[in-house]
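The points begin with local detail and end with the chain as a whole.

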Amino acid sequence: MTVYFWKQRTRVLLWAVGMLAILGCSGSDSQQTPPAQAEQEDAEQQQKNLAEKKKRNDREIQPLLALLGQEFLPESDGSGRSTGKASHRLLVKPGHWTTTVQEMKSNDDDFVGVSSTTCVDASQQPTTLEHTNFTLQSTRPVALAKGRMKRVESPLFIPEQSNVVQVRATLRNRATGRSESMGRSELQKMPSYQYFVLVLSKEISKYGFLKVADAIRMPWEEEFDVASHPHYRVVLADATKSLPLPSSLLMWTSLSHLVWDEVDPTRLTPEQQVALVDWLHWGGRLIINGPDSLETLRDSFLAEFLPAHRVGPRALTTTQLSEWSAYWSRRDQGEEPPQLKPTKPWSGVRLQPKADARELAGGAELFYERGVGRGTVVVSAIQLVERDLINWPGYDSFLSAALLRRPRRIFSEGPYGGSRINWAEYADRRLDAHFVTGLRMFARDASTSANPWRIEVPAGKRLREINAVTTAKTNRPGGLGSWSFFNSVANAARAVLTDAAAVRVPGGSFVLACLGLYLVVLVPLNWMVFRTLDRLEWAWIAAPVIAVLGTLVIVRQAQLDIGFVRSQTEVALLELQGAYPRGLLSRFTALYSSLSTTYDVTFDAPTAVATPFPTSREPRPSDETIWNVVFEKQNETRLHGLAVSSASTKMVHSEEMFALAGPLRLSQSSRGHDQLENRLGYHLHNVMVVRRTFAGGATPKYESSWIGELRDGNATVIGFRPLLLAEGQARQRKQAARVDRAVQVDVEALLEVAWQFPTVEDPLESRRDECRVVACIDQVLPGTKVSPAASQIVGATVVLAHFDYGPLPQPEPDVNSPKIHD
């Protein structure tokens, strides 16, 4: 019993101890839970941070930069002190397409995705295109090989009239669909009158003087903010490194001059070479430093455009330079700068000019110029950066008037003793883009004004005391070359499309014609056919079949008239420069649908650009849905996601460089007569040739020749007749109306714009000889595909070809010299 008792007691004690241990452990665990959870959370957060760090290290992405220009601004802390760092801003011209570059590297693995850029306003919302309900996003594919830095180029469009302040960049992984931000870039909008001068040289430090030259800055003391910017932004690019040249003319519109010094032409890609030649034909100016460049260019893609060839070395002393120095030292007022006297003979080259080259004013066979389409190439026999030359007080006058090809200047003193520089003959147009760039694209620049409006400052006030916005503004923020939705060509194209794509109810003539045709087929024709077959009873069987077929035909025709289908209407302007077999094609396309449809427009040309185009100038309703349209540069160039609501029309504007089968050429026949040859690969209608010459006088003389039709591969003699301008315009309209019936779309509104020569809005071009051919191609030119396809496609193309530009006036030295202060 006792033994049993002690055994039971022992068991109870052991059970109690076990329970206490269990309870103690559980209580201990409950007391230790918060620290354990905190440790676990810390570990999880560390793992998350490591994952995030790894994700960031997976890719190295540099800031988004403009190919031609970026501005670095010093950063400051809250107290205004400099932090020693600098933030960058994209230098862009509103209304211009810009090439952006961004360097990326994938460290973890190969990466395939898509990069995108979107213009956003101050509230970080995408900006809508003017007078449309569309925002525009640009995308392009990105393929990164592990460990290799890649430079990704993308197109960027900054609307001319918009509140864009930043560009937002994102990168999307194609495999996972996940997107990550690549940051935002602040914009620095260039004034309407400011353009880039690009210097390509192996020794760019020698050209640093350009950034402070008066010819570049055009200083004007006391002018506030908007007018204080220099006329040019000089970009110095090392010719031994990657060349900042876009691959399409459509991205060159903010570049006015290109300085070429000892550049290996083979370092340009084929696309860059073509773009440079295109740029020349549309008005660019190429300045070649001859002694170090002519030999390498002899057999290059630029050889046929050079004004002269190098034929040997040449030493130049004060004697050889005296004639040239005397001309550029001449002043109408005040003191003249001293004659140029080199401290030692210069090493130059002797030039052999081509037949159509012209020596620039000053003589001494130092500089020759040659026209290439609308543009020019100038080559020098001396080094442009000779130290004695750039230190000579007369060099800035030569730089402005001869190399940059600008009007002569006049200097005056500002209210604080500083300098004011203006044009001698155009005092009210100091900030006019027409005097800064020679580039002209008819579809963008015809009959346009690019001179800022000036508002008078109240008496007793200084410009410093007035807000910049109230003192000067411009009706063309992007200046010349900007993509405008409401210039003369755009307005004419919109009018043509609005008329051609309008919904029309079939008239009485349509109903009567259909009824008459139906009765003729149903009764006499039906009876005659089966009477001939000796099966007259079959006519009764055929009657209901004829009725059904007739109904289908009438419904189909009514659909095409009323608009119960998708339709595509296009009017285009093809601008040509002389016999150059490439043209600038500007398309304006109207897309109609009876049901809500989302369109994609695909382009064959990889360098094409496109945006939605406003159907009118009416303000957009505030409650209208905003749609995002994507401009894709992937395997194909495509404008994706153009939403068209039911029974409505939306429009698209696109541009591309269009390759032709051959040129349209003005030449001489075997008998010495002027003739026009058509080798374009398309038949031409409504062909008219108009010539304007000045013959040394201020009043132009107009002559014209009506040709009518000129088929592909044919040539016709031109017989010019004197023509007064007013009579000429009336006759042109009459002749066009007589033949336009053969054209699918009535393009007379666009023809009227094409016949207009430059006016006083473009002072330099308005005084220049020119021969112009205007014609029509009765079809939509190939190169685009609209999806879903329209059942009705109509269109026409207006051809505008420029020939025989007269020579530019010889450059003249400044009226006076700037005052030199001690």
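1. In this predicted model, the side chains of Gln166 and Gln124 are joined by a polar contact of 2.7 Å. A further polar contact, of 2.5 Å, links the side chain of Gln166 to the side chain of Glu186. Gln166 belongs to strand β9 and has a relative accessible area of 11%; the cut-off for a buried residue is under 20%, so Gln166 counts as buried.

2. Which residues surround Gln166, once those up to four places away in sequence are set aside? Gln166 touches Thr118, Cys119, Val120, Gln124, Arg184, Ser185, Glu186 and Leu187. Of the strands concerned, β6 covers residues 111-120 and β10 covers residues 179-189.

3. Strand β9 (residues 166-173) runs antiparallel to β6, to which 8 bridges join it. Within this pairing, Cys119 stands opposite Val167. β9 also pairs with β10, again in the antiparallel sense, over 6 bridges. Here Arg168 has Arg184 as its bridge partner in β10. The hairpin of β9 and β10 has 5 residues between the strands, and Gly177 in this hairpin takes a positive phi near 80°.

4. A separate point concerns an open sheet of 7 strands with mixed pairing, ordered β12-β11-β13-β14-β19-β18-β17. The edges are held by β12 (232-238) and β17 (358-359); each has a single partner strand, so one side of each lacks a neighbour in the sheet. One of the residue pairs is Gly371 with Thr376, its bridge partner in β19.

5. Helix α3 (residues 270-281) packs on this sheet and touches β13 (255-261), β14 (285-288), β18 and β19. The direction of the helix makes about 125° with that of β13. How does the span of α3 agree with its 12 residues? At 1.5 Å a residue the helix should span 16 Å, and its end C-alpha atoms lie 17 Å apart, which agrees.

6. The buried residues of α3 are Gln272, Ala275, Leu276, Val277, Asp278, Trp279, Leu280 and His281. Just after the helix, Gly283 adopts a positive phi of about 120°.

7. Although 49 residues separate Ser645 from Ser596 in sequence, their C-alpha atoms are 4.3 Å apart in space. Leaving aside neighbours within four places in sequence, Ser645 contacts Ser593, Leu595 and Ser596.

8. For the chain as a whole, the secondary structure comes to 14 helices and 39 strands. Of its 822 residues, 51% count as buried. Among contacts with a separation of 6 or more, 74% are between residues 24 or more positions apart. The chain exposes about 38800 Å², of which carbon and sulfur atoms supply 53%.

Note on methods:
Residues are numbered from 1 along each chain as its sequence is written. This is a predicted model: local features need pLDDT of at least 70, side-chain atom pairs count only at pLDDT 80 or more; totals for chains, interfaces and linings use all residues. Side-chain values use heavy atoms; hydrogens and water are left out. Two strands pair if DSSP finds at least two bridges between them. Helices (H or I, at least four residues) and strands (E, at least two) are DSSP runs, numbered from the N terminus. Contact means heavy atoms within 4.5 Å. Axes are lines fitted to C-alpha atoms, for helices over the stretch in contact, and angles run from 0 to 180 degrees between N-to-C directions. Buried means under 20% relative accessible area, exposed over 50%, partly exposed in between (1.4 Å probe, protein chains only). Accessible areas come from the Shrake-Rupley method with a 1.4 Å probe; for residues, only the protein chains shown count as cover. The expected span of a helix is 1.5 Å times one less than its number of residues. A polar contact is a pair of N or O atoms within 3.5 Å; within protein, one must be able to donate a hydrogen and the other to accept it, and residues adjacent in sequence count only if both atoms are side-chain atoms.
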